[in-house]
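Please look at the model below before reading on.

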Amino acid sequence: MYLSCHTYYSLRYGTLSPTQLVQTAQLLGAKTLALTDINNTSCAVEFIRQCREAGIKPIIGLEFRQEGQLHYVGLARNAEGVRELNEWLTRHSLEGKSLPELAPPLENAFFIYPRLVKPIAQFRENELLGIRPEHVHRLFSSEVRQYPQHLVMFSPVTFLNQEGHQLHQLLRAIDENTVLSKVDASKMAKKTEVFIPPKTLLQYYKAYPRIIHNTRRIVEACSIEWTQGLHVNRQTFTGSREGDFQLLQKLALNGCKQRYGAHHVQALERTRKELRVIREQDFCAYFLITWDIVRYAHSMGYHHVGRGSGANSIVAFCLYITDVDPLELDLYFERFINPYRSSPPDFDIDFSWDERDDVTDYIFKRYGKEYTALLATYNTFQGRSTVRELGKVFGLPKHEIDLIVEHPEATDRHHELAGKIFHYGRQLEGFPNYLSIHAGGVVISERPLSYHTALQMMPKGFPITHFDMYHAEDMGFHKYDVLSQRGLGHLKDAVELVKANQGKAVDIYAIERIKKDPKVRTQLRSGHCIGCFYIESPAMRGLLNKLHCDNYVHLVAASSIIRPGVAQSGMMREYIHRFHHPDSFEYLHPVFREHLGETFGVMVYQEDVMKIVHHFAGLDLDESDVLRRIMTGKKAKSDTFERLRQKYFDNCRARGYSEELTQEVWRQIESFGGYSFCKAHSASFAVESFQSLYLKAYFPLEFMVAVINNFGGFYQTEYYVHEARMQGGHIHAPCVNHSRYLTHIEGTDIYLGFVHIQQLERKAAHRVVAQRSQGGPFRSLEDFVQRVEISTDQLDLLIRIGAFRFTGHSKYELMWEKFAAFHPKEKYDPTLPLFEETPTHFTLPNLEEGPFDQAFDEIELLGFPLCSPFELLDDASPKDGVSAAQLSRFTGRLVHCYGYYVCRKHVRTVRGETMYFGTWLDEEGHFFDTTHFPAFLRQGPFTGKGIYRIEGKVTEDFGFPSIEVIRMERLPFREDERNKT
């Protein structure tokens, strides 16, 4: 009898989780429950499952609202009704149109109006008027009583009690972005929208038995059979399963010959074995669709990287979905597909950030917009942001909110409402706030997606489902991960820059040759990999040095052990030790020697978790895979995790393992599982790393310009510019006669792009480039302002950054000239003059620039100076400190040195105290690292960007030196002389 129930997927309105809703209904003895979330279908499958488990008949519907105003509630009679309702909501989202006040004429749905929006005599058969319990008494004098066939019981459920109502009011205020007292009452639920026990509810309507009967008629007419299972996905690529297999087999066998040659028995046998399993598991279409996506990308000249567990597959390798050779790395076949796995393997297909959208657009056009959508993610209310939202709702000023957020323990200084804010903040924790786009998940369905979900148009122009990856998995959908990655942009742009600057064609796809190239391996062994995908961070630089890593296999391992899980378990350090001293340790158990011998008994990959759980503890292979997926976040945690955990310990006891051994193995599994890579994933990353290394080793300047232009590396732009200088590049500030919007290279001259000038408008930059292309280089400032439409403040930015230095005039002279030559109020004529105008000459006083004026302007406009920051120190550059190259000579001794701050990593000690790992540049431009323990951090804190005098003890870990800092202080820069006047 509850025909309108809301969960918290009625975003910023509902207060109940699907579980709370169903459990409460079950306790009250409800036999039927209708889910009608507001303009949202996110939890339909979860609701249906829980209702069936509770013995409650589920009804699926939607509540249609526009700008907070309730128009009508739709209830689906059947699956076609679900489709109709979803299509109605989807159409208005995709077209950006408002929902009308009147319901559409749908054949398989009922509509309940909350009030009369047209004469009841004009209601269609499926249109109803909802009568709230508190309004029943009004029927006595209302004409609507003459139309009982159109009247139904209407008792919406939004919260459980008074506190729930208060939480609802806060959500409405957050949604309206206003203080609580200003929320329009019509946009909030009535206090009566709680669960009224069924018997009590019937009592309200006992004087009108026809309404009760009519409500039961509606409930009985609604029946939903929700489609779940792998059959929801597109079933074929060619139109038939047999056709799919024949095509997949042909492509795979031909690819096998291309990859391995015509007579590679092992490769051929594994290919045929995998094809059999793929066919038995009915994944042929999945592989072919992935192949089709990659094929389109290749036809457009796009580079991709294939990752994920699917990269364990030799068929994927033969289809050129991945460049990871599973035979070379002995990849775990059961991690790819096993008979117990109902979902297909994961393919993460990375494209350059500026090409991914075109690939996504192809998928939508190729497989149909009715059948294709991006997955959603639920952005939830979390911690500090929730406190801020509630603070605004309660009307607190910003400084009061900042105090509560930044010093939550300082309760004596908090506003008196802080307690309420924390109270309701805890209740809101984890509530969905709004739908966002999954990083790259695409679903392609067999039937139109409207049978499963409504769609929401996003700003990028692609619609998303209302469900996320976990709900998608529950429904049986598998996703195609079409991801964007800045690293691929580096590769693509670097190749193009080499062609433009040196006239050379570079082949970065000759992977085997690149992996064996001595110069590339030397570059890797040095650890000096700034700009190289995945291996440029300070931590990775240290790890590569410690491992003396110079080959592909070792880099694959390094790409996984660098992740937090291995470090947290203490096994990264153990791995390095065992790498250098393979005879110095004992395996925890013979199972570890047998299955983890390649990695010295250390769990490095996700597959290792499966291997140990299966072979050490005796869990079935399917259970091991489920446990791995839960630990890595690929599957939502549930009672299954506890059941499998208990089975692990029970089995270990049954096998006679000691409690100490059992606990230690579980500790390693648990701390490692949440962060590990599958081996194929690491291998895919390592391939891309080698491609980056090749470009850095042979074409360092073009490579660094490509990195600068893609804005996505570990470091800020300043340090990539520094690296380009260290590689022999001559760095120039933006120039109107040389620079483009992005950074550009001519020989060894690198001109920073206009994009780096803070506050310079994109359109102004493009006008400069366009006019230079049309009319040739600018001859003077006067010539520039005659040809380029630009505002005064934008022109000032160009003068200050030195973009007119080709004139030979100082900035001050140019500012004087600007006033005489620049008349922005005159109407701008974009055409070039027919005859060259005679320039006006002025005699100006001597206006010289100071030696550091340009550097200070660069700091303000670019964010960093193009000269060495050591030149800006108040005193002469220090000469008595130890350099980065000399640190190893002073191991165990106290030293002092000077470092320009690059970055720091914050960590917590076991006591919860703050400590840092710092990264610096010395005066020679080389990196070095520091450790800052809590006690000494208080004596020498970080006080901002700049150059520090650092004192400490040099330590060495597996040959990699760093400094344990005792004290440090930031040194003052010179004062800008212009500020003194």
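A residue is called buried if its relative accessible area is under 20%, exposed if over 50%, and partly exposed in between, with a 1.4 Å probe and protein chains only. The model is predicted, so local features need pLDDT of at least 70 and side-chain atom pairs count only at pLDDT 80 or more, while totals for chains, interfaces and linings use all residues. Residues are numbered from 1 along each chain as its sequence is written, and side-chain values use heavy atoms, with hydrogens and water left out.

Helices (H or I, at least four residues) and strands (E, at least two) are DSSP runs numbered from the N terminus. Helix α2 is mostly covered, for seven of its 10 residues are buried. They are Ala-44, Val-45, Glu-46, Phe-47, Ile-48, Gln-50 and Cys-51. These residues pack against α1, β2, β3 and α16, where contact means heavy atoms within 4.5 Å. After the helix comes Gly-55, which has a positive phi near 75 degrees.

Beyond its neighbours within four places in sequence, Glu-46 is in contact with Pro-18, Thr-19 and His-471.

Val-157 is buried, with a relative accessible area of 0%. Leaving out residues up to four places away in sequence, Val-157 touches several residues, including Tyr-2, Leu-16 and Phe-195. Val-157 and Leu-3 are 154 residues apart in sequence, yet their C-alpha atoms are 8.9 Å apart in space.

Helix α23 has the buried residues Met-571, Tyr-575, Ile-576, Arg-578 and Phe-579. Seen down the axis of α23, these residues fall within an arc of 165 degrees, so they line one face of the helix. The arc is that of the directions from the helix axis to the C-beta atoms.

Finally, five strands form a closed barrel in the order β18-β19-β20-β22-β21, with mixed pairing; two strands pair if DSSP finds at least two bridges between them. Strands β20 and β22 run parallel and are joined by two bridges. Thr-931 stands opposite Glu-964 in β22.
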